[in-house]
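Student: I have a structure to go through. Can we take the labels one by one and test each against its definition?

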Amino acid sequence: MQFSNLNLDYFSILPEIITALAGVILMLIDAFSKKAGRKLSPMFSLFALVATLASIIALWPRASYTASFAGMIVNDHLRLYFALVIVACGIIATLLASQFLDDEALPPGEFYALMMFATTGMLMMASAGDLVMVFLGLETSSIATYVMAGYRRTDLRANESSLKYFLLGSFSAAFLLYGMALTYGATGTTNIEGIRQILIAGKVIYPQMLLVGVAMMLVGFGFKIATAPFHLWTPDVYEGAPTLVTAILATGPKVAVFAAFLRVFAEGLGTPTAPAVGAQIYDNWINALAVMAAIGMTFGNIVALAQRNMKRMLAYSSIAHGGYTLIGFLTTEYAPVGFYMLTYALMSLGAFAIVQMLAREGDAKTEISDYAGIGFEVPNLSFPLAIFMLSMAGIPPMAGFMGKFYVFKSAWVSSPNLRWLVIVAIINSIISVYYYLYPIVVMFFRPPVSDFTKPRLSPMSQLALAITIIGTLYFGLFPNGALKVLQQKTPGAQQVAVQK
Amino acid sequence: MVPLSWYLALSAALFTIGVAGVLVQRNVISIFMCIELMLNSVNLTLVAFSRFLNQSTGQLFVFIVMAVAAAEAAVGLAIIISVFRNRETLSVDEESLLKL
Amino acid sequence: MKEYLPILVVFLFVLGFAVTNLVLAHLLGRHRNTRAKLMPYECGIDPVGSAHQRFSVRFYLVAMMFILFDIEAVFLLPWAVIFRSLSEKLSRPFVYAEMMVFLIVLLVGYIYVWKKGVFEWNRG
């Protein structure tokens, strides 16, 4: 144990400190005054999330590969960018949460506290420079979201969803952990940059064990991002959880796991030119990911065609989107994945928010047939839903199109021998247009259902909806700003010393 | 001294028993215990590596894993209790409201 | 043998603490022996009868709390082991404060469960 390069740079973990502290304070608010909590908690968590956002922006000029806390925290552009997306998801979800909790008469305080802890875990995943931190962040966010999935405590469907999420989540976490343990044994370090250095130097102690370890980590991450063939929990969990929680599960944690996935695989194991086992491992995981991506998109899209429940359809669509995102890994750069995650998070949050508002108490109306003829009854909900559906289908000028275009283009350019995957992806996005258009057709061209009443919309929900709509259109029409941010290179990438 | 491979074989066997248990068992509590067994077999691997590589990193990892496993156990038991209160059964075969 | 002296002191302290408490309880406390109090101590469960009975869910709540607070103690041990060597690198109050922050967070958790009424046995 060396103390020399501890580098206790507390400023670099300011975002995590703010969210964790806010979570603790929210717990105390709830414990001491339930009544005040209903009014105070949403305001306080919004305030804390905006402060987190500010701290991330304040960290931007200090982005570098210099790791703090003995290599546990890395403050580079990947971390800052993903942290920004995660906190943005948190803000939108918080805006939506107060109406959801009021309408369903659920206890408010813990929900915000759990959301803060989940956000802390996600931020930790984005900033992890060490396998220990990846695991810790993953579990922090997972444990908080297990509880949130079952937040409607007396609802059997929510119970079941929470139980399934918990059992399969911890099962997959065990796989991930075993993979990490074997990787540690094979390389002698848990530091991700350290693993890369050892691969490049060709000093792997047990090469075969490293292969097994990496394979198991791939399984663990595959479960967490819900890509085929590890997706089976997704539809059940997404359908059973309260719709707002589904919106959170489908966006924030997924973005964060992709950040950690990029860190471990694209950075730590992205060594195509390393001697012996290093290059072999790179080849293996790139090919495995390509297959996972192909199965994921194809399976997700084809099963989504048969769905008649909006939440299940969106769940399968998110499996397909996970597949598209994996194509971005072929470039071993974070820009395509990062941009796709941004667009996916915006349109997913927006779509689930509208499903939530139309679903009413206890998620009673989530079948697509429930939406018949509502198009001109509630234009303030039906037109945004149409925008999000078109964006997910990848129709210009929405953000979804730009995200897909950027991922496909960069994968096409960077890896000539995996171009078949891009072709599969394009065929898939054509197939997907059918089921994304189906709700629009039902909304606008079917005779209206008789018992439809207009849902209430609180100002905060309207604000959240406005942010997602504007974001979806903005990043579709003017993606250059975001792409410029994404293509920033952290200076001094080559001169990083191995830290043990 | 006991060679490293023995420890690894033991923990791999324990991990496999855990995986098999998760797939075969029908009671939620048993499944949950099998998951804990998987986590603890990983702990054994980490400690063995830590000893043979002469580093403390592996042991540190074990501390984190233990704390996380405890938090997971608390949340897991709470979820199981709330399921039981609503359903009066703990068989996963009965958990079939949501289907493909 | 000299280096074992602190352990002896600890033993004596623990012994003294326990004996003092027992004596004080005997002298100051009121004595009302009920049937329940005179039964063999089995953590609140009837010691006679079938072992295959359902336990109240309250036991699980207390057990969960115990697991959580018990496990957090594992972090105290490595901290205590490296306290001296780390204090030489960093300042001693700083290393001390690090652990205090951790304990305060734990304390907040304790206050939370207390306020939520987890420790009230006869609730609801």
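Student: How many residues does the contact take from chain B and from chain A?

Tutor: The contact takes 33 residues from chain B and 34 residues from chain A. Two residues are in contact if their C-beta atoms, placed from the backbone, lie within 7 Å. This is a predicted model: local features need pLDDT of at least 70, side-chain atom pairs count only at pLDDT 80 or more, and totals for chains, interfaces and linings use all residues. Residues are numbered from 1 along each chain as its sequence is written, with chains lettered from A and ligands numbered from 1 in the order in which they are written.

Student: How many residues of chain A are in contact with chain C?

Tutor: Six residues of chain A contact eight residues of chain C. That side of chain A divides into six nonpolar, no polar and no charged residues.

Student: Why does the radius of gyration of chain A agree with a compact globule?

Tutor: The radius is taken over C-alpha atoms, and the globule rule is 2.2 Å times the number of residues to the power 0.38. For 500 residues a compact globule would have a radius near 23 Å; chain A has 22 Å, so the two agree.

Student: What makes chain C more spread out than a compact globule?

Tutor: There are five helices and zero strands in chain C. The globule rule gives 14 Å for its 124 residues, but the radius of gyration of chain C is 21 Å, well over that value, so chain C is more spread out than a compact globule.

Student: Why is A:Arg263 called buried?

Tutor: A residue is buried if 20 or more other C-beta atoms lie within 10 Å of its own, exposed if 12 or fewer, and partly exposed in between, with C-beta atoms placed from the backbone. A:Arg263 has 27 C-beta neighbours inside 10 Å, so A:Arg263 counts as buried. A:Arg263 is found in helix α10 (residues 243-268) of chain A. Leaving aside neighbours within four places in sequence, A:Arg263 contacts A:Leu78, A:Ala128, A:Ile192 and A:Gly268.

Student: Is B:Asn54 buried or exposed, and why?

Tutor: B:Asn54 has 7 C-beta neighbours inside 10 Å and therefore counts as exposed. B:Asn54 lies in the loop between α2 and α3 of chain B. Its phi is positive, about 60 degrees, although B:Asn54 is not a glycine. Most residues other than glycine have a negative phi, and most peptide bonds are trans.

Student: Why is A:Phe69 called partly exposed?

Tutor: A:Phe69 has 19 other C-beta atoms within 10 Å, so A:Phe69 is partly exposed. A:Phe69 also has a positive phi, of about 55 degrees.

Student: Which peptide bond is cis?

Tutor: A cis peptide bond joins A:Pro396 and A:Pro397, with omega about 10 degrees. A:Pro397 lies in the loop between α14 (379-393) and α15 (399-414) of chain A.

Student: Why does the span of helix α4 of chain A agree with its number of residues?

Tutor: The expected span is 1.5 Å times one less than the number of residues. Helix α4 (residues 109-127) of chain A has 19 residues, so it should span 27 Å; its end C-alpha atoms are 27 Å apart, which agrees. α4(A) is mostly covered, with 19 of its 19 residues buried.

Student: Where is confidence lowest and highest among the elements of chain A?

Tutor: Confidence is given by pLDDT, the predictor's confidence in each residue, from 0 to 100. Strand β1 (residues 67-68) of chain A is lowest, at a mean of 78, and helix α5 (residues 131-149) of chain A is highest, at 93. Over residues 492-500 of chain A the pLDDT is below 50. Where pLDDT is low, the predicted coordinates should not be read in detail.

Terms used. Helix = DSSP H or I, 4+ residues; strand = E, 2+ residues; numbered from the N terminus. Nonpolar A, V, L, I, M, F, W, Y, C, P; charged D, E, K, R; others polar.
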